[in-house]
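Please read each point with the structure open beside the text.

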Amino acid sequence: MALGLNRVTLVGRLVEDAALRYTPTGMAVLEGTLHGQEELFVGDSLRMVEWYHRFEQVGKAAEYSAERACVKGTPMVLDGSLEYSEWEAPEGGKRSALKVKALQLAVLDAPADAVPGLNQVTVSGHLARDVQLRHTAAKEPVLELRVGVTDRFRNRQGQSQEKTHWMDVVLWRHLATAHQDARKGTGVVVGGRLFNEAWTDRDGNKRLSTKVEARSVQVLARSSQDAPANVA
């Protein structure tokens, strides 16, 4: 399988009216938040877990979506990808974020209260570093992978371009122990779900990070020519 697979599918309801804005260069940007529910095993118990994910759509597709019923409570399906961005913070130092980029948005023909939630991610890339198994206070094994997913494309001038999207992937329990020997440069295919993790930085500011919780991990044969040249 070729590396660089980056796919997100969300099915849920709009938390608020989606907002259309324009950048200083005239690019249309549609922003919104989808909310859904799914059954997950939390420890040994099956629970209904809620999720909220922000998304962006750009260009003509954003204007087209904005003309439809993108209002609070609208049941929608999103097909898109994860996009990594990095910038210099005004207070100093670098900041980064992983966002959901909507390629297609479609309104579901279903009552809003009957929409089944779907939160699905599939990515393939290389590990940026060796991994280290740790355990929670409840002695559950957990492993975090830093995966670089490289997107290769051509710009408007026809020149070959490359961008690496960095994603933190969390593995739990037997999945974590099964991959505790993974090393930098290893190619992996990950299937899982998006989740948001709240944390506090060294200055006491509240932050929110978007990560992938793995449900399956497949290790690929190593191919150095596909590995990203840089790490994060």
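**Notes on the predicted model**

1. Leaving aside neighbours within four places in sequence, Thr210 is in contact with Leu98, Leu194, Phe195 and Asn196, where contact means heavy atoms within 4.5 Å. Thr210 belongs to strand S12, and its side chain is joined to that of Asn196 by a polar contact of 2.8 Å. A polar contact is a pair of N or O atoms within 3.5 Å; within protein, one must be able to donate a hydrogen and the other to accept it, and residues adjacent in sequence count only if both atoms are side-chain atoms. Strands (E, at least two residues) and helices (H or I, at least four) are DSSP runs, numbered from the N terminus.

2. As to the basis of these values, this is a predicted model, in which local features need pLDDT of at least 70 and side-chain atom pairs count only at pLDDT 80 or more, while totals for chains, interfaces and linings use all residues. Residues are numbered from 1 along each chain as its sequence is written, and side-chain values use heavy atoms, with hydrogens and water left out.

3. The largest pocket holds about 1,000 Å³ of space, and of the 35 residues that line it, Ser96, Ala97, Leu98, Leu208 and Ser209 lie nearest its centre. On a 1 Å grid over the protein atoms alone, a pocket is an open set of points where a 1.4 Å probe fits, with protein on both sides within 12 Å along at least five of seven lines, and lining residues have an atom within 4 Å of a point. Grid points are joined across faces, edges and corners, and the volume is the space filled by probe spheres set on the points.

4. Which strand gives the most to the lining of the largest pocket? It is S6, with seven residues; the strands that each supply at least two residues include S4 (45-58), S5 (75-88), S6 (94-107) and S12 (206-220). By class, the lining has twelve nonpolar, eight polar and 15 charged residues, where Asp, Glu, Lys and Arg count as charged, Ala, Val, Leu, Ile, Met, Phe, Trp, Tyr, Cys and Pro as nonpolar, and the others, Gly among them, as polar.

5. Glu38, in strand S3 (residues 28-42), counts as buried because its relative accessibility is 9%; buried means under 20% relative accessible area, exposed over 50%, and partly exposed in between (1.4 Å probe, protein chains only). The side chain of Glu38 makes a polar contact of 3.0 Å with that of Arg215. The C-alpha atoms of Glu38 and Glu50 are 6.6 Å apart, although twelve residues separate the two along the chain.

6. Asp168, in strand S10, likewise counts as buried, at 15% relative accessibility. A polar contact of 3.1 Å joins its side chain to that of Arg146, and, not counting residues up to four places away in sequence, Asp168 also touches Arg129, Glu144, Leu145, Lys211 and Val212, among others.

7. Lys139, in the loop between strand S8 (134-135) and strand S9 (141-154), has a positive phi near 65° and counts as exposed at 71% relative accessibility. Arg173, in helix H2 (residues 173-178), has a positive phi of about 50° and counts as partly exposed at 30% relative accessibility.
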